[in-house]
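Please open the structure in the viewer and keep the sequence at hand.

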Amino acid sequence: MRMMLFHIGYWLKRFLFLLIIFWVSTLIVFKYIPVPFSSVMVERQISSWLNFNFSYVSRSEWVDESHISPYLYLAVIAAEDQNFPHHWGFDIEAIEKAFKHNLHPKSTVRGASTISQQTVKNLWLWDGRSWFRKGLETMITPIMEVAWSKTRILTVYLNIVEFGDGVFGVEEASKLFFKKSANQLTMQEAALLAAVLPNPHLYSVKSPSSYVLKRQAWILKQMHLLGGKNYLKINNVGPKK
């Protein structure tokens, strides 16, 4: 029994070591080269196969920052994480507000994940709620913040985030929903894409509900209040144009 536990511990340590090497390697490599796919994309694909849904395909097409509309950068910041340029991976104020909100038993659960945390989850981890996943996310996020620029984090996020069933990344979403490339999107179109991000399986870009349209209008207002594209220039986030 003791020998068995020894072997289990030995192989577990080797596995964790290889996992760390893999993560560090991809952290360095993806700072410079396009991300071909994310762990959530793989998760979705495998899940569909296990459910005998062989028609499902996780689709994405990488585009660099110069080929993404500045409005998209501004829209996701306005919608998801308005302190993004200033925090180090965690928005403490948002976490405190979410904690107080969630104390009420009848309230809906409110999250406080930043764009950085969502990037870590989508790229390296998996979907769903668990303390283990959240712990890994908490450890990886500040390291990514140090290794990557804010623009790189946001660019990777925009290329791997899910906008619909099997639709990952702004280029794929732009071509599917608006018949144009991501660098041609208007402010209204960018806000509509950002409006479905809380739950792209529940909310639709193609057939937006009244809630999605109200959220789009709110995001547009926030984009104006932040200062429009000038906000990106002031905070050195997004494409240099």
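How many residues does helix H2 have, and how far does it reach from its first C-alpha to its last? The model on display is a predicted one. Select residues 39–50: helix H2 has twelve residues and spans 16 Å between those two atoms, close to the 16 Å expected at 1.5 Å a residue.

**The buried residues of H2**

Within this helix, select Ser39, Val40, Met41, Arg44, Gln45 and Ser48, which are its buried residues. Next, display what covers them: the cover includes helix H5 (115–124), together with strand E1 (162–164) and strand E2 (167–168).

**After the helix: phenylalanine 52**

Move on to phenylalanine 52, which follows H2 and has a positive phi, near 60°.

**Aromatic pairs**

How many aromatic pairs does the structure hold? There are six. The rings of phenylalanine 52 and phenylalanine 54 form an edge-to-face pair, because their planes stand at 75° and their centres are 6.3 Å apart; the edge-to-face class begins over 60 degrees.

Now select tryptophan 124 and tryptophan 148. Their ring centres lie 5.8 Å apart and their planes meet at 40°, so this pair is tilted. The pair links distant parts of the chain, 24 residues apart: tryptophan 124 belongs to helix H5, whereas tryptophan 148 is in the loop between helix H6 (131–147) and helix H7 (150–160).

**A lysine over a ring**

Select lysine 150 and phenylalanine 84. The lysine lies over the face of the phenylalanine ring, at 4.6 Å from the ring centre.

**Two further residues with positive phi**

Select lysine 179, in the loop between helix H8 (170–178) and helix H9 (187–195). Although lysine 179 is not a glycine, its phi is positive, at about 60°. Why does lysine 179 count as exposed? Its relative accessibility is 68%, and exposed means over 50%.

Finally, select asparagine 236, in the segment after helix H11 (229–234). Asparagine 236 also is not a glycine, yet has a positive phi of about 55°. With a relative accessibility of 52%, asparagine 236 counts as exposed.

Note on methods:
Residues numbered from 1 in each chain as written. Predicted model: local features only at pLDDT ≥ 70, side-chain atom pairs only at ≥ 80, totals over all residues. Heavy atoms only, no water. Helix = DSSP H or I, 4+ residues; strand = E, 2+ residues; numbered from the N terminus. Expected span 1.5 Å × (residues − 1). Buried < 20%, exposed > 50% of the residue type's maximum accessible area, 1.4 Å probe, protein only. Contact = heavy atoms within 4.5 Å. Phe/Tyr/Trp six-rings, centres within 6.5 Å; stacked < 30°, edge-to-face > 60°. Lys NZ or Arg CZ within 6 Å of the ring centre and 35° of its normal.
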